[in-house]
Amino acid sequence: MKFIVSLVLIALLSVAACLYLPWWSIAFVAFIVSGLIPQQPGKSFLTGFISILLLWGSLSWYISSNNNHVLAHKVSILMFKTDSPFMLIGITAIIGALVAGFAALSGSYLRRS
Amino acid sequence: MKLLPCILSAAVTTGLIITLNSKLLLPAPLGKLLSPQHGVWQNAENADATFNETFNFPQLKGKVNVYLDDRLVPHVFAEQENDAYFVQGYLHAKFRLWQMELQTHAAAGRASEIIGEKALTHDREFRRLGMVYAAEISLKEMQADPTTRASCDAYTAGVNAYISNITEAKLPIEYKLIGYQPEPWTNLKTALFLKYMSYDLAAHDDDIEMTNAKTYFSPADFDLLYPSKQDSLDPIIPKGTIYAAPKVLVKAPATADSVYFANKDLLVMQEEKPDPENGSNNWVAAGSKTKSGAPILCNDPHLGLNLPSLWFEMQLSTPNFNVYGATFPGAPSVIIGFNDNVAWGVTNGGRDVRDYYEIKFKDESRNEYWFDSAWKKTEFRTETIKIKDQADYIDKVAYTVFGPVMYDKTFSGSRITGNKYYAVRWKAHDPSKELLAFNMLNHAKNYADYLAAVTNMHTPGQNFAFAAKNGDIAMRTQGEWPAKWKGQGDFIMPGTDSSYMWQGMIPQDENPFQYNPERGFVSSANQKPADSTYPYYLGRNYPPYRGLIINRKLTAMSAITPQDMMAMQTSNYDVFAEMARPLFLKNIDEGKLDESGKKYLDLLKKWDLNNDINATGPTIFSVLWTCFDSVVLRDEFKKAPQVISHPFESSLLDGILRDSSYKFLDNIETSAKETLADDVTAAFKAATQQLKIEESKSHLTWAAFKATRINHLAKLEPFSRLNLPVGGGSHCINATKSDHGPSWRMIVSLTDKTEAWGVYPGGQSGNPGSRFYDNFVDQWVAGKYYPLWMMKAGEEKDGRIKWKMSFSN
C-alpha cells in the first residue's frame, strides 16, 4: 500500500513541482516523499525509480505521439545518431527514474539515521 | 548507522543532477533537455495544435484581430497602423525568435558569445567591416524620421512583449540545444538585420583577387581573361536608350596609370564573402501582352536557402493600406508584395560599392596616417568581443576618412598578410532609409507614390519592378551609387591621396529606369543595368544569361496568363548550355573517345537543354564545362597566386565564340600548339572519367548530381531538408543550385480583383517540431504555388480561416 501511495504521490507532486521549478525538483519530491513514508531503502529506490520512469515515459510518449513523433525522429538523430523516437522516450524515462530513485533512497536512509 | 549510506546516495543524486544539468561529462545536459515539462519535448507541437489566443498589451492604441489561415499565414487587421507593426513584431517573435536573434548576433559580430572561439574570425571580420558602426548610423537615420521611428518602436515593443512573457519550456529548441537565452529586442537590432541584408546583397567585391590578377597577368592577358564587355549582354534598360550627359563629372586621378593601374602588389588575404550568386529575377508583362489586359508582375529573389526561411508571409491591414507579401522577421512592413493598387518586386543591383584603400600609418601606434601630404589623426573604435567561456577579445579598430581599417597585420580573414593596412569604403556605411522605402511602398497607390518610395532606397541597391491597377508598369535600377571613373575600385587604391576617393554619388534622376516601355514588358535578372552608352562606369561583374532568356521569352509571348508566368518562373531551360554546347559538338574528335565517352556524348547530343531532374544532359554538360575550363586555363593559372579571380564563364565562352584560336587554348606547358578541338576532346576525356564515378554512385541524373538542400541555419542536419528533387541551375530562370535559389516565388495579376500566387521553400513556423516548419518545401520543389489570399473585412467566417488571435489594450 505504502509503495502504491508513494509511487502516486511522487508522480503527482513531480508534475506540480515541474510547473514552476527546474526539472531536478523531481529529486526533492522523491526525497521528501520517501522520507515521510517509511519503506525499506531498496523499496524506496524502486518507488522513486518506477514512479518517474512511468511518469516521464508516459508524458514524453503522450507528447510525442500527439506530435506524430515528428520532433522525436529529428532529435534522436541529432543527439544519439539513431532514428528512434522510442529510444528517446526510453532514455528520457530512465534519466528521470535514476535521479528520482537515488533521491528516494537518500530520503529513506535519512529517515532511518 | 545509516548516515553513511544516506550521504553516499545523496552524493550520487547530486552528482547525477549536476551531470545531467550541464555539459561537464556528457555532451549535452540530458536531464534538462529531456525533462518532458521543460526540455525539447515541449517543442513537439501537437499535430492538431490550435493558435487561438487573446492578449492584452497596454502598448496598443486600439484593437487588432489576427486571422490565421490553413497555411498559418496571419491576416492582421489593426485599427491603428502602428498597432499592426506591434503585432507583426509579436508574431515574428512567436514563430521565428531564434533566427531573428541569430541573424542579428551574426551581423553584430557577436557569434562568439554563443558558440565560442571558433566564431572569433567571423566576429572580428564583421566588426572591422564596420557592421555595428553602419547599423548605428542607420539607427540615427531611422530615429530621425517620425514614420520609421514609430513603426520600429511599435515593432520592437511587439517583439519584446513576446520575449518578456516566454517561459523556459516555450523557448525555441535551438536555445535549449545550444544553451542560452534570448535578450530584449531593440531598434538597433532591426538596423543590424538590415545591414546583414546589405552585407548579403551589397558587400561583394573582388578587389583583392583582381589586384592579384592584374599583378600576375600582362595587361593584354588581363583584358582577355576579365573583360568588362559582355557580347551576350541584354541590359536591364535596353540598348539604344538615350542618356543625357552626366551631371557628376568624375576625373581619374593624374597618377591613375602610373600608381594605380600599374601597381604590382601581391596580396595574400582571404575574406569571408557573401554568395556572389545572390541574384534574382523580376519582370512585369504589361496589359498589352496579357490575356486579361491587366499587368502581371513576377519576382523570385535568389538567396541562400535556409530553414527557418528568411521570409515570413503575412497580410497587414490598417485604415491606411491593405498589403500582402513576404516580410523579414526582424523588420516591420512587407518587403516584397502587393496592396490594393500596386505590386512590386526586387532583384539585386549588384554594383561594386565596397572598395579598399591602402593606408600609410606613421608608425605602429596607428595614431596618424599620411593623407594629402600631411599626417592626419586616426580615430579608434574599441570592439569588445565576448567569447563564451573565455575572456573578452578587445580589438582596437582604426578609422580613417575612408572608413575602418579592416585588414592589417593582426587581421587578414583566414590568411596571413604583410605589414600593410587596408581601409574599406563601403556604401552601407552611409545613411540609407530602406525601411521608409518599404513603408511607403506598402502605402503606394500609383507610379508617383512608387517613385517617391523607392528613391529612399540607397543601399543595398535593388532593381524595383512595379505594376499598378491602372496599367502602369516600371523598372528602376534603384540605389545611391558612387560615380566612378573607369576602373575605379576594381583594384586596391592608394589611400594617401583624396583624388582616389569617391568623388560623388550618381544623382537619383540619372538612375536608369523604364516606365511603360513600348515593348510591353520590363525585366531584370542582375545583368548589367545599361549598355556602354550610360555615362557612368558600371563595373564588370554581372551574370548575363538569365536576363537573356527572360527577355527572349517575354518578347515572344502574348495573351499571357498567370499559369504561363508560373511555367516561365520555374523554367529549367539552360541558355548558357544552348550557346556552349555547339562549341563542344562541333569540335570534338569522336574517334578519340572510348565506349563510355561515346555514350555520354550521345546523351549530350540528345539533351533538350532543360535542366530537368531526371535528365543526364545537364550533369554531363556541367562536368564537361568544368573540365573544359580547367584544360584551357589550368596552365595559365598554375603559378598564379592562390587568391585570384577566376574568369567568368561568360568571359571564356565569349572569348572562344569570338575567336576560335583564342590565345589560352594553347597549353603553355607543351611544345605543341593545342587547338580548340584538342582542348574539347581532352576535356571530354577528363569528364568521362568523372562521369563514370558519378554514374557508379547513381548520380548521373541532374537532381541526384546537384543534390539541392535547405540547410538549417545552425547546420543541424536533422532539421535540414536534403537531396531535394529540384531541377534548374545558375543560368536557368529556375536558378536553384545546391543550397541557393528562388527563396520566394510570387506572381501578381493586377486584375480588378487582384489574383496572386506564391511559395517559399520553408514554412511559417521556425519550430522543427511543428507541422508548419517545412510544409511549403514539397510544393516549392514541385514548382507549384499557393494562391495568396488578400482577406477582406467581413470574410472572418471564410473556411480558410482556422484560428483567431485578439490583441487589445
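Two residues count as in contact if their C-beta atoms, placed from the backbone, lie within 7 Å. The model is predicted: local features need pLDDT of at least 70, side-chain atom pairs count only at pLDDT 80 or more, and totals for chains, interfaces and linings use all residues. Residues are numbered from 1 along each chain as its sequence is written, with chains lettered from A and ligands numbered from 1 in the order in which they are written.

**Stop one: the A–B interface.** Select chains A and B. Here 34 residues of chain A contact 33 residues of chain B. On the chain A side, α1 (2-20), α3 (41-66), α4 (70-80) and α5 (85-112) each give two or more residues. Colour α5(A): its 12 residues are the largest share. By class, the chain A side has 24 nonpolar, 8 polar and 2 charged residues.

**Stop two: α1(A) against α3(A).** Their axes come within 9 Å and cross at roughly 45 degrees. The crossing is right-handed. Show side chains in α1(A), including A:Phe3, A:Leu7 and A:Ile10; they belong to the set that meets α3(A) residues, among them A:Ile50 and A:Leu54. This contact has 8 nonpolar, 5 polar and 1 charged residues.

**Stop three: B:Ile335.** Select this residue in the loop between β8 (322-327) and β9 (336-339) of chain B. B:Ile335 counts as buried because 25 C-beta neighbours lie inside 10 Å (the cut-off is 20 or more). Beyond four places in sequence, B:Ile335 contacts B:Gly325, B:Ala326, B:Thr327, B:Phe328 and B:Phe438. Now check the C-alpha distance to B:Gly325, 10 residues apart along the chain: 7.1 Å.

Technical notes
Helices (H or I, at least four residues) and strands (E, at least two) are DSSP runs, numbered from the N terminus. Ala, Val, Leu, Ile, Met, Phe, Trp, Tyr, Cys and Pro count as nonpolar, Asp, Glu, Lys and Arg as charged, and the others, Gly among them, as polar. A residue is buried if 20 or more other C-beta atoms lie within 10 Å of its own, exposed if 12 or fewer, and partly exposed in between; C-beta atoms are placed from the backbone. Axes are lines fitted to C-alpha atoms, for helices over the stretch in contact, and angles run from 0 to 180 degrees between N-to-C directions. A crossing is left-handed if the near helix is turned anticlockwise from the far one by less than a right angle, and right-handed if clockwise.
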